[in-house]
Amino acid sequence: MKQVHVAVAVAVVNEDILIARRPDDKHQGGLWEFPGGKVEPGETTAEALVRELDEEVALPVATEHMSPLMEIPFNYPDKSVLLEVLWVDVPMNNALLAHGAEGQEVRWVHYSKLADFQFPEANGPILDAVTARLQDS
């Protein structure tokens, strides 16, 4: 099974995190996710996130606002993924621009409310890391 390299953004403004609902016709459809997407050949993870955040949620970000959070290899029954997760500090004026550029629902959610949303199983460690980081800040 070929592994898919996925760049994942934990986009943060104050203590709010940007999440998006996966389209029903996609893998894990209907669940909520942190925005991101496949890393293309020749791209760094940060470059992939700049592109994906623009395409998916119309959120302009710069690589200098990103820092590594974690890597998660995960095997679903039908695919294997490597989630490379970056923390993205989003300037407030940019945050106001975010919307579902592909028609999907997006929300800024206080980190303490993330447990109210259903995420793909592979996202569990990300949710734990977000909570730990922001509770300690």
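**Aromatic pairs, strands and a pocket in a predicted model**

User: How many aromatic pairs does the count come to?

Analyst: In this predicted model, the count comes to three aromatic pairs, and a pair is counted when the ring centres lie within 6.5 Å.

User: What makes the rings of Phe-34 and Phe-119 a pair, and is that pair stacked or edge-to-face?

Analyst: The ring centres of Phe-34 and Phe-119 are 5.1 Å apart, which is within the 6.5 Å limit for pairing. Their planes stand at 25 degrees, and planes under 30 degrees apart count as stacked, so the pair is called stacked.

User: Why can Phe-34 and Phe-119 be said to tie parts together?

Analyst: Phe-34 belongs to the loop between strand E3 (32-33) and strand E4 (36-38), whereas Phe-119 belongs to the loop between strand E7 (106-110) and helix H3 (124-135), so the pair links parts that are 85 residues apart in sequence.

User: How do you know whether Phe-34 is buried or exposed?

Analyst: The relative accessibility of Phe-34 is 3%, and the term buried applies under 20%, so Phe-34 counts as buried. Phe-119 is buried as well.

User: How far apart are Phe-34 and Tyr-76 in sequence and in space?

Analyst: Phe-34 and Tyr-76 are 42 residues apart in sequence, and their C-alpha atoms are 18 Å apart in space.

User: What makes Arg-133 count as lying over the face of Trp-87?

Analyst: Arg-133 lies over that face at 3.9 Å from the ring centre of Trp-87, and the distance part of the rule asks for a value within 6 Å; the rule also requires a position within 35 degrees of the ring normal.

User: Why is strand E6 (residues 80-89) described as largely enclosed?

Analyst: Nine of the ten residues of E6 are buried, so the strand is largely enclosed by the rest of the structure.

User: How do you know which strands pair with E6, and whether they run parallel or antiparallel to it?

Analyst: Pairing requires at least two bridges. Strand E1 (residues 3-13) is joined to E6 by ten bridges and the two run parallel, with Ala-11 having Val-88 as its bridge partner in E6. Strand E5 (residues 66-75) is joined to E6 by nine bridges and the two run antiparallel; here Pro-68 has Leu-86 as its bridge partner in E6, and Pro-73 has Leu-82. A hairpin of four residues connects E5 to E6.

User: What makes the phi of Asn-14 worth a remark, and is Asn-14 buried or exposed?

Analyst: Most residues other than glycine have a negative phi. Asn-14, in the loop between E1 and E2, has a phi near 55 degrees, a positive value in a residue other than glycine. Its relative accessibility is 63%, and exposed applies over 50%, so Asn-14 counts as exposed. Ala-58 also has a positive phi, of about 55 degrees, although it is not a glycine, and it is found in the loop between H1 and E5.

User: Which elements and residues line the largest pocket, and how is the lining divided by class?

Analyst: The largest pocket holds about 630 Å³ of space and is lined by 29 residues, of which Val-6, Arg-22, Glu-33, Gly-36 and Gly-37 lie nearest its centre. At least two lining residues come from each of E1, strand E2 (16-21), E4, helix H1 (45-57) and E6, and E1 gives the most, with four. By class, the lining has 13 nonpolar, six polar and ten charged residues.

Notes: Residues numbered from 1 in each chain as written. Predicted model: local features only at pLDDT ≥ 70, side-chain atom pairs only at ≥ 80, totals over all residues. Heavy atoms only, no water. Buried < 20%, exposed > 50% of the residue type's maximum accessible area, 1.4 Å probe, protein only. Phe/Tyr/Trp six-rings, centres within 6.5 Å; stacked < 30°, edge-to-face > 60°. 1 Å grid on protein atoms, 1.4 Å probe; cavity = no way out; pocket = protein on both sides within 12 Å on 5 of 7 lines; lining within 4 Å. Points joined across faces, edges and corners; volume = space filled by probe spheres on them. Nonpolar A, V, L, I, M, F, W, Y, C, P; charged D, E, K, R; others polar.
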